[in-house]
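Trainee: Before we look at particular residues, could you show me how to read burial, salt bridges and pockets in a model like this one?

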Amino acid sequence: MTTFSSNFDPLSTDGMSDPLTQAISLRDRHTIDMVKAALSHKQTLLAFQPIVTAQDPTQVAFHEGLFRVLDNTGRIIPAKDFMPAVENTEVGRLIDCAALEMGLRELAENPDLRLSINMSARSIGYRKWTSILDAYLTEHPLIGERLILEITERSAMTIPDLVVSFMKDLQRKGIAFALDDFGAGYTAFRYLKEFYFDILKVDAIFTQGVAEDAGNQVICEAILSVGKHFDMVTVAENIETLEDAQFLTSAGFDCLQGHLFGAPKTVPDWRESATKQRTA
C-alpha cells in the first residue's frame, strides 16, 4: 500500500509540479523576458486600426493604437501573444506607459488624429504612467480631447470604484473612455450605471458571424439598447464579413472595427501621405 507523509499535499504545486504546470511557467518566463528586453531596447511600436462610422464606412471616427513588440529576430509580436503572461506584473505597467507615450506623441504630431490607447485598470495611480500623461497635457493642453483610453470590462471590474473616480477626474480634462470587450466579462449593472464610459465596444464573441446567429443577434441588440440608454457610442469589434457589417449597421451600431475596414498598420495612412509629399 502506498503511504504519504503527513506533510504531503496532493494539490500543491510546490516542489515537483506536474509537467504541464512547469511548461506553462517556463513559457511565461520566456515571454516576460522577451517583453522586458523589447521595452529596455525600445523595440516597441503601435499598429493603428481604423474604427469607421457604420452609416458611412469611408469615414474614420478614430483609430486604435495596438501595442506591439519586436522579438530578437525582428518579428512583430501582437499583444495577445504576451499580455496574458505580463498583465498582472510590473512589465504590464511598463507596457501601458510605453503605449501611452507613443500614442500621445502621435497625437501631438498629428493634430487631426483621434486615437484610442489600451490600458489596464491596474495602471491607475502608477506614477510613471501619470507623469507621462501630465507632461503631455501640460505641453499640449487640448490633446486630451483627442485621446480615448480603453479599459477592458474584465480589468475595470477588478477595482470598479477606483475606475469610476479615475474616469471622472480625466473626463474633466477632455479624455474619453471606452469599455472594451464588453460581454466577455462580468460587469455588474450597478457599476455600468456609475462608470459613465463614453464608448461601448462589443466583444467579438457576439459580433463575429452575427448575421447568421439568431442568439447573438438578440444579444447584440440588447447590448445596443443598454449602450444607447447610457448615451454611449457603440462599436462592434472584429468585423470581417460584409453580411455581419450590414446586420450591425441596420441594428443601429454607431461604429464598426475589423479587418473588413482595415487591418492594424504599423505605418498608418497619414505617415504614408507625409512620406509621399516629402518625396514628390
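Mentor: Of the 280 residues in the protein, buried residues make up 45%, where buried means under 20% relative accessible area, exposed over 50% and partly exposed in between, with a 1.4 Å probe and protein chains only. This is a predicted model, in which local features need pLDDT of at least 70 and side-chain atom pairs count only at pLDDT 80 or more, whereas totals for chains, interfaces and linings use all residues. Residues are numbered from 1 along each chain as its sequence is written, and side-chain values use heavy atoms, with hydrogens and water left out.

Trainee: How many helices and strands does the secondary structure come to?

Mentor: It comes to 11 helices and 9 strands, which are DSSP runs numbered from the N terminus (helices H or I, at least four residues; strands E, at least two). Helix α10, residues 242–251, has D244, A245, F247, L248 and T249 as its buried residues, and their cover includes α8 (204–207), α9 (214–229), β8 (233–236) and β9 (255–257). Just after α10, G252 takes a positive phi of about 120°.

Trainee: Is T31 buried or exposed, and which residues does T31 touch beyond those up to four places away in sequence?

Mentor: T31, found in helix α1 (residues 19–40), is buried, because its relative accessible area is 13%. Leaving aside residues up to four places away in sequence, T31 touches D81, F82 and A85, a contact being heavy atoms within 4.5 Å.

Trainee: How should I read a salt bridge, and how many does a search of the whole structure find?

Mentor: Side chains of opposite charge can pair when their charged atoms come close. The criterion is a side-chain nitrogen of Lys or Arg within 4 Å of a carboxyl oxygen of Asp or Glu, and the search finds 12 salt bridges. One of them joins the side chains of D71 and R75, at 2.7 Å from N to O; D71 counts as buried because its relative accessibility is 7%, whereas R75, at 54%, is exposed.

Trainee: Which parts of the chain does the salt bridge between K201 and E150 tie together?

Mentor: The side chains of K201 and E150 meet at 2.9 Å, N to O. K201 lies in strand β7 (residues 199–202) and E150 in strand β5 (residues 147–152), so the pair ties together parts that are 51 residues apart in sequence. Both K201 and E150 are buried, and E64, E150, K201 and E237 are linked in a network of salt bridges.

Trainee: How is a pocket found, and what is the volume of the largest pocket?

Mentor: Rolling a probe the size of a water molecule over the atoms shows where empty space is left. On a 1 Å grid over the protein atoms alone, a pocket is an open set of points where a 1.4 Å probe fits, with protein on both sides within 12 Å along at least five of seven lines, and lining residues have an atom within 4 Å of a point. Grid points are joined across faces, edges and corners, and the volume is the space filled by probe spheres set on the points. The largest pocket has a volume of about 1100 Å³ and is lined by 37 residues, of which L66, K80, N118, D180 and D181 lie nearest its centre. Strand β2 gives the most to this lining, with 5 residues.
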